[in-house]
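Take a look at the model below. The text then walks through it part by part, starting with a term you will need.

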Amino acid sequence: MNSHYRVVVIGGGVVGTSVLYHLAKFGWTDVCLIERSVLTAGSSWHAAGGFHALNADPNIAALQAYTIDLLSQIEEESGQSVGMHMTGGLTLAGTPDRWEWLQSAYRVFQTMGIEDVRLVTPEESGELCPVMSTEGILGGLWADREGYIDTTGTVYAYAGAAKKNGATVIEHNRVLELHQKPDGWEVVTEKGTITAEHVVNAGGLWAKQVGRMAGIELPVSPLEHHYLLTESIPEVAALDRELPLVVDLEGFTYMRQDQKGMLLGIYEIQHKHWMMDGAPWNYGVELLQEDIDRISEELTLGFERYPVLQEAGVRNWVNGAFTFSPDGNPLVGPVPGKPGYWCACAVMAGFLQGGGVGKSLAEWMIHGEPEADVYGMDVARYGDFAANREYIKQTTGQFYTRRFVMTYPNEQLPAGRPLKMAPAHDAMTAGGALWGESWGLEVPLYFAPQGFEETPTLKRSNAFDIVGAECKLVREAAGLLDISGFSRFEVTGPEAEAWLDHVMAGRLPKPGRARLAPMLAPNGKLKGDLTVFNWGDGTWWIMGSYYLRRWHMRWFSDHAREGVTVRDISDTIVGFSLAGPRSREVLAALTHQDVSHEALPFMGCTTLDVGLVRAKVGRLSVAGELGYEIHCHAAEHIGLRRALLEAGADHGLGEYGYNALLSLRLEKSFGIWSREFTQAYTPRMTGMDRWIAWDKGDFVGREAALAERDGPDPSQLLVTLAIEASDADTSGYEPVWAEGRRVGFVTSGGYGYTVGQSLAMALVEPGFAAPGTKLSVHVVGVERPAEVIPASPYDPEGRAMRR
């Protein structure tokens, strides 16, 4: 063991060894892995080892596909067998809604480029898995690239390949302490102290403790998970091929062949946490006592689905712990505020995602950014609120319980809620608000009569007309929207303007003005679609998506300089958006100041007395109407709402929610982050290039953005589609077709109530981007005619916003 390494990876499971392998493979050979016991001595050794390329997040699906391809490569490099069994896999649907969802998911997988999948009938399902009862099955989804591996062999293959590339593996050496130093980290181990520029927490069941060593409280917790292994089953032994990997969603089970018998795994409703503060240090290659009574209902369903199990002997019960995050996705990347400390933990599906996690983290550490958009597993997607023990318990438990339970796109889940609430939350609830959640904050979806309950569905719900009425309110009179759910960063200091000019790709606004501000990464891809306010007194604001607060603050901190202070004021400053043709009349009734178009023009900002509140006001609106964003201190939120509603009573003012805003912004072809704009897309693809100030001098990403501007057409362009749909709308990632060939995919969609049309925004090949182009789109699995239309089907000249 050396006294210094460039990188120390803590944890010898599949994720840690994958990180080590990729670092060495990409050229960083001065790296070591430290394992407290032996490799695999955590969750890895007892994992079931199943793999599949399907995932609801296309970016994570791509990383899973990479992992599957990588397995044969590390086997060859290391000389260690990974025990690959490419059996194919079958996902079953046992209810009409689930079958509809599976048909829709099949089309989304086509968008991802996963071509080796197909829908199958119940009869075909039975032929593919002869030991399975097809009773109650309505259909299935078959995937060629599914199967299982030898988990222990795979970990040793990663480690062996890493060592052949120059890395070091140190076993039987527990990390005791971590100390942050100006130039990196001091790693205190049982065998001595090591200094390192970077440390990687790949601690698995011990990730919690390894986080706490650095003063970090990670939102992770282990939960128990059962599977059983049978003795040899004659019907299985007699087959001339291996059984496929089968997921029975309504039965809460997964199954694969094990030797001449079967493995049956269960995601039970009655979940059970284990050692929420992390496993004991002396825990390792051992199991927990099985709890058959707790899983009996799901076990019964499994034995009914596979009748051969009823006569089979159980060779072994496996009840082992795995670590979960609140949403079930990994925690990967640099931890904000802890330079050189990286996470690669909570990788619940380690053998499926471990390769992609290792690749992305190694690219991130070496090159500054991963190749793929990995926000879905970025550790910065959570804030401090997620460190709360009860929050972790509720959310991780909910994820485990609902692992195979169908979740509808309009369904609101209860775990960890309500957590954060705007001050006027109770008053809005009394006014009929029904709530969604963003980064722990309750946000109003729509306002309904007391007692109304929305029916979960894949199609238009019973709230359709309620949302339509709110859109009509905004278009014809005035609507009030709580905008506490936006991020706000205050930028001050003598270098504030110069810093903003460097990190933002657009031209900065003059005093008393606001501007849209794209932010780029060095590779020229998008890092933010923000709004910058220049209040004229040396104070600037950056506004963006509330759920990206920690992610954006990490970026700002990474680009910090002397003379600039960036402060997150998102929870101290809240407010309301006032939008609609009569919104100026409402505002004028509450202020002695001039709010005419001449005094407060479009994209202007100033300080106004609004009722009793001294408010920061910007004249802009995502709804595409004359509108104002009125910002106040949290203590003034209730009073501001009351004053606005009273002043607006004679002008038809009413409250609306974010479901209506989705429709209103689609009618204007306004994109939003995570849909039209992501860190995988470029300015030219998305039309954000029109906001770039090419002549202003250097800014982050300028060189790459210029190369894109002056280069060939991008592979895809953002367009607006009108779709002939009757009872459902697109939501995202549905494939777009031209004469049977896939030419793009939907980024987001919904119904445009003002224009009376199902709308979508989509990225399509340039040859199919012209208005009038006839296309088709799958809507909840059904192909519908579509047409490219000019941007902004409502008020294309933007006169309403500027009146």
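Two strands pair if DSSP finds at least two bridges between them. Helices (H or I, at least four residues) and strands (E, at least two) are DSSP runs, numbered from the N terminus. This is a predicted model, in which local features need pLDDT of at least 70, side-chain atom pairs count only at pLDDT 80 or more, and totals for chains, interfaces and linings use all residues. Residues are numbered from 1 along each chain as its sequence is written, and side-chain values use heavy atoms, with hydrogens and water left out.

Start with an open sheet. Six strands form this sheet, in the order β28-β29-β30-β27-β21-β31, and their pairing is mixed. At the edges are β28 (605–610) and β31 (653–655), each of which pairs on one side only. From one strand to the next, the twist averages 30 degrees. Angles run from 0 to 180 degrees between N-to-C directions, and axes are lines fitted to C-alpha atoms, for helices over the stretch in contact.

Six bridges link β28 with strand β29 (residues 613–618), and the two pair in the antiparallel sense. Val610 has Val613 in β29 as its bridge partner. Strands of a sheet pair through backbone hydrogen bonds, either parallel or antiparallel.

Which helix packs on this sheet? Helix α16 (residues 637–648) does, touching β21 (478–482), β27 (573–579), β28, β29, β30 (627–633) and β31. Contact means heavy atoms within 4.5 Å. The direction of α16 makes about 15 degrees with that of β27.

Next comes a barrel. It is closed, with six strands running β32-β35-β34-β33-β36-β37 and antiparallel pairing. Here the twist averages 45 degrees from one strand to the next. Helix α3 (residues 96–111) packs on the sheet and touches β33 (735–738), β34 and β36 (774–779). The direction of α3 makes about 75 degrees with that of β33. Helix α17 (residues 658–667) lies across β34 and β35, and runs at about 125 degrees to β34.

Follow the barrel strand by strand. Strand β34 (residues 741–752) pairs with strand β35 (residues 757–764) over eight bridges, in the antiparallel sense. Tyr751 stands opposite Ser758 in β35. Ser758 is also the bridge partner of Ile723.

Is strand β32 mostly covered or mostly uncovered? Strand β32 (residues 717–723) is mostly covered, as five of its seven residues are buried. Buried means under 20% relative accessible area, exposed over 50%, and partly exposed in between (1.4 Å probe, protein chains only).

Strand β13 (residues 245–248) is covered on both faces. Leu245 and Val247 are buried on one side, and Val246 and Asp248 are buried on the other. Strand β4 (residues 89–93) runs parallel to β13, with four bridges joining them. Strand β14 (residues 253–258) runs antiparallel to β13, with three bridges. Val246 takes part in both pairings: its partner is Leu90 in one and Met255 in the other. The hairpin of β13 and β14 has four residues between the strands, and Phe252 takes a positive phi near 65 degrees there.

Turn to two helices. Two packed helices are described by the angle between their axes and the distance between the axes. The axes of helix α1 (residues 14–25) and helix α9 (residues 350–367) come within 8 Å and cross at roughly 40 degrees. The two are therefore oblique to each other. Angles under 35 degrees count as roughly parallel, over 145 as roughly antiparallel, 65 to 115 as roughly perpendicular and the rest as oblique. Among the residues in contact are Val15 and Leu23 of α1 and Phe351 and Met365 of α9.

Finish with one residue. His552 sits in helix α14 (residues 549–558). Is His552 buried or exposed? His552 is buried, with a relative accessible area of 2%. Not counting residues up to four places away in sequence, His552 touches Phe489, Met519, Lys527, Gly528 and Leu530. His552 and Ser487 are 65 residues apart along the chain, with their C-alpha atoms separated by 9.6 Å.
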